[in-house]
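Try each task yourself before you read the solution.

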Amino acid sequence: MKLAIFDFDGTLFCEDTLLFLLNQWKKQRKSILKYFRVFGSLVPLSIKYKLGIKSKLSKEEMKALAVKKFNNIFIGMTEKDIKDYFYQCSIDIKDLLNKSIVEELEEARKSGYHTVLLSGSYEHLLKYIGDALGIDTVIGTKMNFTNELFDKNKEINIISGSLKLEKINEHYGEQSIEWESSCAYADSYSDIHILKSVGQPIAVRPDDQLKAIAGKENWKIIA
């Protein structure tokens, strides 16, 4: 089995996902108090992450902290409430997907690849996107619930960095993956483990570190 692995944040979806979700919260006319609380904690981190401003935290650690702060918006919500929210978000996301990558995905499917959406974004959200695009497998960050309510006190294991490759291997278990024939699309140096594991790595709108490696290794780059 050959895989075509697609990242979501910055690759299939080019906007800042958490800020987009926050704006969707406001659009759906949910708690304005929660909106401003999360907005105030999230924006400074987002600016640092985008501009590459020096920080004691790595980019992955900053992203994990941003997700942790964003999760405060879900306090008191049931899994059904959260699924309904993500479903409404997915409707607008589908119109904003990177058309070039959607075309690559469609070509991969026609060429017999098993398509995978692999991201640190919330799995509930990614499943709606995956269903809309006909993606075979969706692997994302799972949310925790206790007595049907979102539990912010349980640690969320964000799917990023080397954990992405671990999750792929865990998901497919003993199934034979043709790594040399597989391809992967990603925008960030943090995805280097996945990109180096396949025979056809593709850098999509890459950050500076990934762009330098892609150029040196003569990888395909999609601007």
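**Exercise 1. Find the place of Arg-205 and work out how open it is.**

Step 1: Arg-205 sits in the loop between β7 (200-204) and α9 (208-217). Helices (H or I, at least four residues) and strands (E, at least two) are DSSP runs, numbered from the N terminus.

Step 2: Arg-205 is partly exposed, with a relative accessible area of 39%. Here buried means under 20% relative accessible area, exposed over 50%, and partly exposed in between (1.4 Å probe, protein chains only).

Step 3: Now check the backbone: phi of Arg-205 is near 45°, a positive value in a residue other than glycine.

A word on the model: it is predicted, so local features need pLDDT of at least 70 and side-chain atom pairs count only at pLDDT 80 or more, while totals for chains, interfaces and linings use all residues. Residues are numbered from 1 along each chain as its sequence is written, and side-chain values use heavy atoms, with hydrogens and water left out.

**Exercise 2. Look at Arg-29 and Lys-30 in the loop between α1 and α2.**

Step 1: Arg-29 is found in the loop between α1 and α2, and Lys-30 is in the loop between α1 (17-27) and α2 (32-51).

Step 2: Arg-29 is exposed, with a relative accessible area of 78%, whereas Lys-30 counts as partly exposed at 29% relative accessibility.

Step 3: Arg-29 has a positive phi of about 60°, although it is not a glycine.

Step 4: Leaving out residues up to four places away in sequence, Lys-30 touches Trp-25 and Tyr-85. Contact means heavy atoms within 4.5 Å.

Step 5: Lys-30 and Ile-73 are 43 residues apart along the chain, and their C-alpha atoms are separated by 9.9 Å.

**Exercise 3. Work out the strand order of the open sheet, then zoom in on β1.**

Step 1: Six strands form the sheet in the order β3-β2-β1-β6-β7-β8, and the pairing is parallel. Two strands pair if DSSP finds at least two bridges between them.

Step 2: The edge strands are β3 and β8 (220-222), each pairing on one side only.

Step 3: On average, neighbouring strands of this sheet are turned by 15° against each other, direction ignored. Axes are lines fitted to C-alpha atoms, for helices over the stretch in contact, and angles run from 0 to 180 degrees between N-to-C directions.

Step 4: β1 pairs in the parallel sense with β2 over four bridges and with β6 (residues 183-186) over three bridges. Ile-5 has Val-116 as its bridge partner in β2 and stands opposite Ala-184 in β6.

Step 5: In a regular strand the side chains alternate between the two faces of the sheet. Leu-3 and Ile-5 point one way from β1, Ala-4 and Phe-6 point the other way, and all are buried.

**Exercise 4. Which residues of α7 are buried, and what covers them?**

Step 1: In helix α7 (residues 162-172), the buried residues are Leu-163, Lys-164, Ile-168 and Tyr-172.

Step 2: Seen down the axis of α7, these residues fall within an arc of 155°, so they line one face of the helix. The arc is that of the directions from the helix axis to the C-beta atoms.

Step 3: Their cover includes β1 (3-6), β2 (114-122), β3 (137-141) and α8 (192-197).

Step 4: Take Lys-164, which is buried with a relative accessible area of 5%. Leaving aside neighbours within four places in sequence, its contacts include Asp-7, Leu-118 and Asp-191.

Step 5: Just after α7, Gly-173 takes a positive phi of about 50°.

**Exercise 5. How many cavities of 30 Å³ or more are there, and which residues line the largest cavity?**

Step 1: Start with the rule: on a 1 Å grid over the protein atoms alone, a cavity is a set of points where a 1.4 Å probe fits but cannot get out, and lining residues have an atom within 4 Å of a point. Grid points are joined across faces, edges and corners, and a volume is the space filled by probe spheres set on the points.

Step 2: The count comes to one cavity of 30 Å³ or more, and the largest cavity has a volume of about 50 Å³.

Step 3: The lining consists of Ile-5, Phe-6, Asp-7, Leu-118, Lys-164, Ala-184, Tyr-185, Ala-186, Asp-191 and Ile-194.

Step 4: β6 gives the most to this lining, with three residues.

Note on methods: 1 Å grid on protein atoms, 1.4 Å probe; cavity = no way out; pocket = protein on both sides within 12 Å on 5 of 7 lines; lining within 4 Å.
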